[in-house]
Amino acid sequence: MPLDPTKHADWEIAEAAEKNMKTAAQLADGLGIEKDELLPYGHYMAKVDYARLLSRLKDRPDGKFIEVTSLNPTPLGEGKSTTTLGILQGLGKRGKRVTAAIRQPSGGPTFNIKGSAAGGGLSQCIPLTEFSLGLTGDINAIMNAHNLAMVALTSRMQHEFNYDDAKLAERNLRRLDIDPNNVEMGWIIDFCAQALRNIIIGIGGKMDGFMMSSRFAIAVSSEVMAILAIFSDLADFRKRIGEIIVAYDKKGDPVTTEDLEVAGAMTAWMKDAINPNMLQSIEGQPCFVHAGPFANIAVGQSSIVADKIALKLADYHVTESGFGADIGFEKFWNVKCRYSGNVPNVSVITVTIRALKHHGVKAGAPAVAPGRPIPKEYFEENLPWLEDGMSNLVHHINTVKKAGINPVVCINSFHTDTRAEVDLARRMCEEAGARVAVSEHWLKGGEGALELADVILDACNEKVDFRFLYDLDTPLRKRVERIAKEVYGADGVSYTPQAKAKAERFESDPKFRDYATMMVKTHLSLTHDPTLKGVPKGWTLPIRDFLTYGGARFICPLAGDITLMPGTGSDPAYRRIDVDTTTGRVKGLF
């Protein structure tokens, strides 16, 4: 029976497609990856030795670079990962040598509401189970490396509390005098575990640790993950790991992983994880998976090294940025491109008609709660909602144009879209200066993405006038203001007294001058308030605090009430995931 996404679940489609997978060796041969550059993980997955490959291909010119983003995400779904896989398949159908890079899914959304980010329908990354459930262990390595730093911190605090300086010296330790009220890091776990947001540790006697408040964040928000996304080589990775700020001493000076003598061991945990993973689409095109999601609270990009090897191996390479253009693309633009030196030829903004309607709040579009049934009105033609909601998309088109990158809008087609709705969206996109394509990759795979592939190929031939939003010598608060006004549409920025004091300290210290500005805010709105849809006017972005990532060299302004540990909903995906005890196959993943 032909696979039909309207009748078959994603895991059923993946299971059927996996019977015809190429082996990792076949994928490598097709790309020209040599045997000693391939690090197999079973028959169908492998890591690629990025350092060896880049050394061999250093003089080969890069292929064309295609970035994928979206409008502000909605509970209705836009299909950004699905579109990334659809472009990969569509360009493959056009006979192009093409690769893609997507991010490794977090266990949090995989077992919660969002799903595993493998794509969907007939545009998926496979093998699905391995992709969704730990892959080759990169996130586990990140958790172990990160939590080892916390073990080093808390045990050191215990010993300094229990022993005087003479006893510490006997153990070849010097007093770091860590301030328990000024700890930068917490623990991490790869689930949405809101019960662990605020905890007390060290309860018991003096041998049970130092009692203090602590916290958990989701694993992919770790600075170790951020470093995995932006490092250039092993020496750079090791240096950055050693510069992670774990806490501050009682004088206010940073205490790093190097001070705790744990940076080398953390790097040892990551020695294999730094190599990108190679999987494939269900049509057999190679797809690299490396680094993690969550652009609202992290960098949210596939790794620089994954892009770099793919650009050497392919004529066209597609990479995905997290969430909407206000967050994922902005970080791709001003952070990842700055660190990598790679400039995209095209940025594809993924939308659906029903997601555009969701932003039509001024025209009366009802709210949609995550995990709840979609109101039936979203399946009926409604041009006023759509026209109003198009303002959000046009705003993002203009953001991409500010970077000097060619925007292409992908209308990710659903069978409920009407001709009038598609025509209206197409006309308004073209009036905003973007190329447009309607794509049916979810339903038809690569065959459904041919129009999109052709539009992207045409856009790749156009000159790019790339420019950053700010220079690195721009003061921190000027950067934040520029992002808030130019990308989010705010009237200005406000700061709590604590945030203002930190900003003044950062601006007065030359060592922070080249730190990237990594905004932390909700992905569900252009503003800090997830309930405000469309393009809100007359608002101010409130910055309540800053995080400092000394190894990644990020300063992270916290806007609104964003948390680093999401919560699990009342109807999580884990309720429907199980194992067939006869075949051993996992079912229920999406």
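**Strands, a helix and a buried glycine**

In this predicted model, 4 strands form an open sheet of mixed pairing in the order β20-β22-β23-β21, where strands are DSSP runs of E with at least two residues, helices are runs of H or I with at least four residues, both numbered from the N terminus, and two strands pair if DSSP finds at least two bridges between them. Residues are numbered from 1 along each chain as its sequence is written. Local features need pLDDT of at least 70, side-chain atom pairs count only at pLDDT 80 or more, totals for chains, interfaces and linings use all residues, and side-chain values use heavy atoms, with hydrogens and water left out.

Me: Which residue is the bridge partner of F546 in β23?
Reply: Strand β22 (residues 540–549) and strand β23 (residues 554–559) run antiparallel and are joined by 6 bridges. In β23, the residue that partners F546 is P557.

Me: Which residue in β17 stands opposite I66?
Reply: Strand β3 (residues 64–70) has 6 of its 7 residues buried, meaning under 20% relative accessible area, whereas exposed means over 50% and partly exposed lies in between (1.4 Å probe, protein chains only). β3 pairs in the parallel sense with strand β16 (residues 316–320) over 5 bridges, and K64 stands opposite Y316 there. Another 5 bridges join β3 to strand β17 (residues 346–351), which also runs parallel to β3, and in β17 the residue opposite I66 is V346.

Me: Why is helix α9 described as largely enclosed by the rest of the structure?
Reply: Helix α9 covers residues 223–230, and its buried residues include E223, M225 and I230. At the start of α9, a side-chain oxygen of S222 comes to within 3.0 Å of the backbone nitrogen of V224. The helix is called largely enclosed because the number of its residues that are buried is 8 of the 8.

Me: How far apart in space are G360 and S391, C-alpha to C-alpha?
Reply: G360 lies in the loop between α14 (353–358) and α15 (383–402), and it is buried, with a relative accessible area of 0%. Leaving aside residues up to four places away in sequence, G360 touches A365, W385, D388 and G389, where contact means heavy atoms within 4.5 Å. G360 and S391 are 31 residues apart in sequence, and their distance in space is 8.4 Å.

Note on methods
Polar contact = N/O pair within 3.5 Å; in protein donor to acceptor, adjacent residues only side chain to side chain.
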